[in-house]
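Please read them with the structure open beside you.

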Amino acid sequence: MSDAQQRAIRCLVAKVGLDGHDRGAHVIARAFRDAGFEVVYTGLHNTPAAVVQAAVQEDVDVLGISILSGAHNTLVPQILEGLADHGALDDTLVLVGGTIPEDDAAHLRELGVAAVFGPGTSLQETVDFVREHVPAR
Amino acid sequence: MTPAALAEGVLAGDQRALARAITVVENREPGARELLSRLHPHRGGAAVVGVTGSPGTGKSTLVDRLAKAYRAKDLTVGVVAVDPASPFSGGAVLGDRIRMTGGDMDVFVRSMSARGSLGGLSAATADAVAVLDAFGKDRIVVETVGAGQNEVDVVRTADTVVVLVTPQSGDDVQMLKAGILEIGDVFVVNKADLAGAGRTVRDLEEMVHLAGGRVGSHRDGGEGAGWTPPVVETVATEGEGIDDLVAALDDHRALLEDSGRLDRRARERDAETLRRLLREDVGRLVEAELSARGGLEAAVDRIEAGETTPYDLAAELVAPFERLERELAGE
């Protein structure tokens, strides 16, 4: 009985760099919680190293990075590299949300981001995507 | 990853293995017991500090500062932060993560949700602490909202309990009602730059004095009785008073060591673990017996139909084990 498995999808919602706009991150965190996920929220102004640290230590299935500053081409690759250094890139579903131009989004997907969600994406769409693509353990 | 490989990774200092190991024990995944069993001999005697207080008292900020102070002394730190889960979705938003120590891998922070852990939240926390201890952390901080019995049990898995209050958080009767006097080894008045801080400190000191030292983990007297919980003033956001808090924690730790109480606590913990494991095992055996006889629902149907009572049925289900036990004893 007590050894029965109980497992919720664990997510890290991260704000990185000099970007003080956290409404989107809050809304996503709440939607994930209401979907039954466990959500760790980093708060604002994190370095890529701090996000990697949190993702690895919290052993999350999903890392959602919210960026509205335009620095995604610099910050996201650094996070992906950090995850790879810890052997965590392959089984972490990395999502990016924010204002990302399509050309950049394609580039980020090539680097290992599973999906890029722009303005107007419905919460249900995001939750469904996570449920469908969460890495098997 | 097998439990053996995971344990090896933890003992070799691998961050990812440590993170995975905590997931395994938290979720009671298959292999959790083997993992804990392999790590058990490697417990290194980390000093475990519990921090509790109402929402908004500044626990996370204080723990953050505490971790930073320990790092300045070149001590490695593990933090287990327990937050409540939503009673509706079962999901949880697990606090702001520690930020000042962000990027420093020698501070390991793990958030846990107080979802309906079958093995008990305090057991899951204690197991996570055991893994961090075996990993080699020098200091481990368990942080939880002091809202209910569950959380009080969690924080009491620590050797030293810090209770956090803020000025004007209610009069002394409120504090007595909340039961915090009973569990605190060290009291912290955080946000001590706010008006009314002096009064809160005096109220606390008076209560500690009236209790005659029979508070905190020493309320039962015995070795180490006579510890008077200090009341420390901090402004965690500014880092003020953190050195005083570290000194108070060190003092309490020294008292636990010198009085032999630390060893006694370790014995108590092992005894409690053994009791818990036995309860789980026996429970599983009996559940198997129950499902072999058609399961819980069918059993309840019989009770509702008036064929039997819960009391008779329980005795009936346990009878085979009792018979076996008698046979083994009689051979």
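1. A definition to begin with: two strands count as paired if DSSP finds at least two bridges between them. That bears on the pair Val51(B) and Val162(B): Val51(B) stands opposite Val162(B) in S6(B). S1(B) and S6(B) run parallel and are joined by 5 bridges.

2. Confidence comes next. This is a predicted model. Chain A has an average pLDDT of 90, and 96% of its residues score at least 70. Where pLDDT is low, the predicted coordinates should not be read in detail.

3. Now the overall content of chain B. Its secondary structure comes to 13 helices and 8 strands. Of its 331 residues, 43% are buried. Among contacts in chain B with a separation of 6 or more, 72% are between residues 24 or more positions apart.

4. In what order do the 7 strands of the open sheet in chain B run? The order is S4-S2-S5-S1-S6-S7-S8, with parallel pairing. Strand S4 (107–113) and strand S8 (231–233) of chain B are the edges, and each pairs on one side only. On average, neighbouring strands of this sheet are turned by 20 degrees against each other, direction ignored.

5. Strand S1 of chain B covers residues 47–53. Its link to strand S5 (residues 139–145) of chain B consists of 7 bridges, and the two run parallel. One residue pair to check is Gly53(B), whose bridge partner in S5(B) is Val145(B). The link from S1(B) to S6(B) has 5 bridges.

6. Is S6(B) enclosed or open? 6 of the 6 residues of S6(B) are buried, so the strand is largely enclosed by the rest of the structure. Thr160(B), Val162(B) and Leu164(B) point one way from S6(B). Val161(B), Val163(B) and Val165(B) point the other way. In a regular strand the side chains alternate between the two faces of the sheet. S6(B) also runs parallel to S7(B), with 4 bridges joining them. There, Val165(B) stands opposite Val189(B) in S7(B).

7. Helix H9 (residues 197–210) of chain B lies across strand S6 (160–165), strand S7 (186–189) and S8 of chain B. H9(B) runs at about 165 degrees to S8(B).

8. The loop between S7 and H9 of chain B holds Lys191(B). Lys191(B) has a positive phi of about 55 degrees although it is not a glycine. Is Lys191(B) buried or exposed? Lys191(B) has 23 other C-beta atoms within 10 Å, so it is buried; the cut-off for that is 20 or more.

9. Helix H10 (residues 242–259) of chain B passes a length check. At 1.5 Å a residue, its 18 residues should span 26 Å, and its end C-alpha atoms are 26 Å apart, which agrees. Gly260(B) follows H10(B) and has a positive phi, near 80 degrees.

10. Which residues of H10(B) are buried? They are Ile242(B), Leu245(B), Val246(B), Ala248(B), Leu249(B), His252(B) and Leu256(B). These cover an arc of only 160 degrees around the axis, which puts them on the same side of H10(B). An α-helix has 3.6 residues a turn, so residues three or four places apart point the same way. On the other side of H10(B), Ala247(B), Asp250(B), Ala254(B) and Asp258(B) are exposed. The buried residues of H10(B) pack against S1, helix H4 (59–72), S6, S7, S8 and helix H11 (261–292) of chain B.

11. Back to chain A. Strand S1 (residues 10–15) of chain A pairs with S2(A) in the parallel sense, over 4 bridges. Arg10(A) stands opposite Glu38(A) in S2(A). Strand S2 (residues 38–41) of chain A is covered on both faces. Glu38(A) and Val40(A) are buried on one side, Val39(A) and Tyr41(A) on the other.

12. His45(A) is found in the loop between S2 and helix H2 (48–57) of chain A. With 15 other C-beta atoms within 10 Å, His45(A) is partly exposed.

Conventions
Residues numbered from 1 in each chain as written. Chains lettered and ligands numbered in written order. Axes fitted to C-alpha atoms, helices over the stretch in contact; angles between N-to-C directions. Contact = placed C-beta atoms within 7 Å. pLDDT = per-residue confidence, 0-100. Buried ≥ 20, exposed ≤ 12 C-beta atoms within 10 Å, placed from the backbone. Expected span 1.5 Å × (residues − 1). Arc of directions from axis to C-beta.
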